[in-house]
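Biologist: Please take a close look at the charged pairs in this model. Then show me how they sit within the rest of the chain.

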Amino acid sequence: MCKKVAPAITESYQEVFRTKSGCIYQSDIEKSLLVEFANKIARFDIRCLQRLKSAVFSINLAEMATDTSRTTDVEIISLCACEHCYVLTLGEIINFRELLAGAFVMFELNSIIQERIYSIPVYA
């Protein structure tokens with residue numbers, strides 16, 4: 001039986017965004033992102049992380065909160081072509097949304113800063 005080892009957060013990873021419930025790290029060297037959430041660390045590329053964000057944000061929280069059936073206590077988030085799966089409660093989904101939204105704001109902010117730095121005209 002093959003035991004899977006969780007990815008390690010090495011020095012090449014820099015913290016992108018942190019909340020009380022988790023953290024997202026980025027490594028330009030490894031060209032990957034680590035998501036530390038729900039007692040696990042998972043490695044993603046940016047496309048998988050975008051799909052994960054879309055999946056998490058597509059969950060209808062109002063319906064989940066008001067439905068009294070037992071099947072809506074948790075949501076299973078599994079992505080195609082991605083080895084990770086999350087089984088999250090309503091509170092965890094809210095926390096995961098906060099983490100993912102914050103990380104994507106930081107990505108966008110970094111892009112804006114890079115664009116502004118490199119778009120400064122050079123006068124001769």
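**The charged pairs and their setting**

Modeller: Start with E30, which counts as partly exposed because its relative accessibility is 42%. The classes here are buried (under 20% relative accessible area), exposed (over 50%) and partly exposed (in between), with a 1.4 Å probe and protein chains only. This is a predicted model, in which local features need pLDDT of at least 70 and side-chain atom pairs count only at pLDDT 80 or more, while totals for chains, interfaces and linings use all residues. Residues are numbered from 1 along each chain as its sequence is written, and side-chain values use heavy atoms, with hydrogens and water left out.

What does E30 pair with? Its side chain meets that of R43 in a salt bridge, 3.8 Å from N to O. The two come from distant parts of the chain, 13 residues apart: E30 lies in the loop between β2 (22-27) and β3 (32-37), and R43 in strand β4 (residues 40-44). A salt bridge here is a side-chain nitrogen of Lys or Arg within 4 Å of a carboxyl oxygen of Asp or Glu. Helices (H or I, at least four residues) and strands (E, at least two) are DSSP runs, numbered from the N terminus. R43 is also partly exposed, because its relative accessibility is 37%.

How many salt bridges does the whole structure hold? The search finds 3. One of them joins R47 and D45, with N and O 2.9 Å apart. R18 and E15 form another, and their closest N and O atoms are 3.1 Å apart. R18 is partly exposed at 44%. E15 is partly exposed at 47%.

A38 is not a glycine, yet its phi is positive, near 55°. N39 is not a glycine either, and its phi is positive at about 60°. Most residues other than glycine have a negative phi. N39 is exposed, because its value is 88%.

Next, the nonpolar side. V105, M106, L109, I113, I117 and Y118 form a nonpolar patch on the surface, with about 580 Å² of accessible area together. Patches take residues with over 30% relative accessible area and no salt bridge; like charges are joined within 9 Å, nonpolar side chains (Val, Leu, Ile, Met, Phe, Trp, Tyr) within 5 Å. Areas come from the Shrake-Rupley method with a 1.4 Å probe, and for residues only the protein chains shown count as cover. I113 belongs to helix α3 (residues 90-118) and is partly exposed at 39%. M106 is in helix α3 too, partly exposed at 30%.

What does M106 touch beyond its sequence neighbours? Leaving aside those within four places, M106 is in contact (heavy atoms within 4.5 Å) with V16 and F17. The C-alpha atoms of M106 and V16 are separated by 6.7 Å, though the two residues are 90 apart along the chain.

The cysteines need a short note. A search of the whole structure finds 0 disulfides, a disulfide being a pair of cysteine sulfur atoms within 2.5 Å. C23 is buried, at 0% relative accessibility. C85 is partly exposed, at 36%.

Finally, the whole chain. There are 3 helices and 6 strands. Along the sequence they run β-β-β-β-α-α-β-β-α. The radius of gyration is 17 Å, well over the 14 Å that the globule rule gives for 124 residues, so the chain is more spread out than a compact globule. That radius is taken over C-alpha atoms, and the rule is 2.2 Å times the number of residues to the power 0.38. The C-alpha trace spans about 70 × 40 × 30 Å along its principal axes. Buried residues make up 31% of the 124. Among contacts between residues at least 6 apart in sequence, 51% join residues at least 24 apart. The accessible surface of the chain is about 8600 Å², and 55% of that belongs to carbon and sulfur atoms.
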